[in-house]
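Let us take a walk through a protein chain together. Have a look at the sequence and the model, and then we will go from the overall picture to some local details.

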Amino acid sequence: MTEFSVLPPEELQAIKTGLLKRYTAICDRELSLDITRGKPSPEQLDLSAGLLETVDARDYTSSAGTDCRNYGGLDGLPEVRQLFAEYMGVRPEEIIIGGNSSLNLMYDTFLRAMVHGLGASHTPWCREPQLKFICPSPGYDRHFAICEQLGIEMIPVDMTDDGPDMDAVESLAAADEAIKGIWCVPLYSNPTGAIYSDDTVDRLARMTTRAADFRIFWDNAYAVHYLGERPGRVRSILEACKAAGCPERPFLFGSTSKITFPGAGLAMIAGSATNMEWVRSHLFFQTIGPDKLNQLRHVRFLKNMDGILAHMEKHAAVIRPRFQVVEDVLNTELAGKGIAAWTRPEGGYFVSFDAPDGCARTVVKMAADAGVKLTPAGATYPLRNDPCDSNIRIAPTFASIEDVRTAVEVLAICTQIAAIDQLGAV
Ligand SMILES: Cc1ncc(COP(=O)(O)O)c(C=O)c1O
C-alpha cells in the first residue's frame, strides 16, 4: 500500500470517488450504531447471572455471622476486604469497600480534600489560591470532568507506551505548589491501553513534589481485564511510595463494574492505613454502612482471586473477537496509507485511534451523518481540547461484532476522505 501523501492528485481523486460511493451506500442504510462508551455487552452481563442467586431470603449471613441485611460495617465485610485487598495488591487494613462506583469514590475523595483538606496538617484545597492537576492525555473524560466541575486547572501531559511522560510530570510536580496531584490509569490505560512500566511507577513514587499534599489518583479500573494470555502486571504504587517515604501519596481505586455489573457492582478505595483512617473519618458522616448483601453476593460468586481470573477469562472470550474486528478492519482499510495510527491493547475497554491532525472533528461528524456515533472528538483531552484534533476513542465491547465491523469501517472510510481532502485533492 502506498502512502496517500506520495500519490498524484488524479489517483487520490479516483480513490476519493470510490470512498464517496461507499459512504453514500452506507448513508442509504440509515444505520444507528454507537461505539462511544465502554460498557459490557449483554453477553458479558449474562456471565454474572449466577451472582443474583448467591443470596436469598433464608441465606444472608456473612462467614462471621453478620446479618448482611442490617446497618453496620462501615468499611466492608472482612472476607470482602480480604479478597479485594489481594485484588488491589494491598493489605486488608489498607482497603475500604464502598458503594457501587469507583468514580463516586474518586469524586468524594476530591470533595473531602477540597472541603476538609488531606489531614490536620494540610489546608483544604478550596482555600488555596490556585489548584492544578496533571492529566496524562489522551485520558479518561470523566476524570477530567471532575477537575472541570471543581474548578481545578488541568495540565495535559503526553501519554507514552510506558505511562505519562515522566520528565514532564517530574518537572511540573517539582516546580509548582498549586499542582496537587495526577490522574493515572496504570493498567490498560483509558483509552490507549498503555501499561505503566516499573520505572514510571518508581519515578511517580520518588519524585519531588512542591505540594506536600500531592496525591496520585491511581485508578485501577482494569486490573484484571486482559485480552491476551494472562493479566498484565504493574508494580505496586503503594509499596513504591512506602519505600520512597511517602506512603500517603497514592489513593488507589477499583471496582467490579466490568467484572460483574456496572451500576450494581462493588467499588473500593485503598491506600496507607493513615489514608484509610482519613477516609473512614469522613465516611462516618456520610453513611451508616454499605450494601453488605451485594458484598456477600460478590464474595460468594467470585470466591477468590482464582475465581476472579477464571471469570475474566470468560469476559475476554466474549470481547476478544470485537477487538480483533477493530484491528482487522483498520488494518485492511488504513495500513500503509500514512494517515492513521491506532493502539493494539492487551486489555481494557478501548482502542485509541489517531486520524490525521486536524481531522478528528470532521471524521466524527461524517460518521454521525452516516448513522455511526463515535466518541466526540476532543473527549479524551482536558476541556475537550485535543490540540492536534486527531484522537478518537473506540469502545468496541457493547455493540455486536457485526455492528463493530460496520462502525469501524465507517470510521476508516471517513478518515480516508478527510485525509484526501486535507491533502488538497478535492
Ligand atoms: C478508567 C476508568 N475509571 C473508572 C470508570 C468507572 O468506574 P465505576 O463504574 O467503578 O464508577 C471507568 C469506566 O469506563 C473507567 O474507564
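Helices (H or I, at least four residues) and strands (E, at least two) are DSSP runs, numbered from the N terminus. By that rule the chain has 13 helices and 13 strands. What you see is a predicted model, in which local features need pLDDT of at least 70 and side-chain atom pairs count only at pLDDT 80 or more, while totals for chains, interfaces and linings use all residues. Residues are numbered from 1 along each chain as its sequence is written.

Start with the overall dimensions. The C-alpha trace spans about 75 × 55 × 35 Å along its principal axes. The radius of gyration is taken over C-alpha atoms, and the globule rule is 2.2 Å times the number of residues to the power 0.38. For 426 residues, a compact globule would have a value near 22 Å, and the 23 Å of this chain agrees with that.

Next, find the two domains, whose bounds come from an automatic or database domain assignment. Domain 1 takes in 4-44 + 309-423, and domain 2 covers 61-303. Their C-alpha centres lie 31 Å apart. Two residues are in contact if their C-beta atoms, placed from the backbone, lie within 7 Å. Domain 1 brings 24 residues to the contact and domain 2 brings 26. On the domain 1 side, helix H11 (305-334) and strand S13 (391-394) each supply at least two residues, and H11 gives the most, with seven. That side divides into 13 nonpolar, seven polar and four charged residues. Here Ala, Val, Leu, Ile, Met, Phe, Trp, Tyr, Cys and Pro count as nonpolar, Asp, Glu, Lys and Arg as charged, and the others, Gly among them, as polar.

Now turn to a pair of helices. H1 (residues 9-28) and H13 (residues 401-423) pack at an angle of about 145°, with their axes 10 Å apart. Axes are lines fitted to C-alpha atoms, for helices over the stretch in contact, and angles run from 0 to 180 degrees between N-to-C directions. Among the residues that meet are Leu12, Ile15 and Leu19 in H1, and Val410, Ile413 and Ile417 in H13. The residues of this contact comprise eleven nonpolar, one polar and two charged.

There is also a ligand to find. A residue is near it if its C-beta atom, placed from the backbone, lies within 6 Å. Of the 13 residues around the ligand, Ser101, Ser102, Leu103, Ser255 and Ser257 come nearest. The shell has six nonpolar, six polar and one charged residues.

Finally, look at some backbone details. Most residues other than glycine have a negative phi, and most peptide bonds are trans. Yet a cis peptide bond joins Ser137 and Pro138, with omega about 5°. Pro138 lies in the loop between strand S3 (132-137) and helix H5 (141-149). Another cis bond joins Asn190 and Pro191, also with omega about 5°. Pro191 sits in the loop between strand S6 (179-184) and helix H7 (198-206). Tyr188 lies in the loop between S6 and H7 too, and its phi is near 55°, a positive value in a residue other than glycine.
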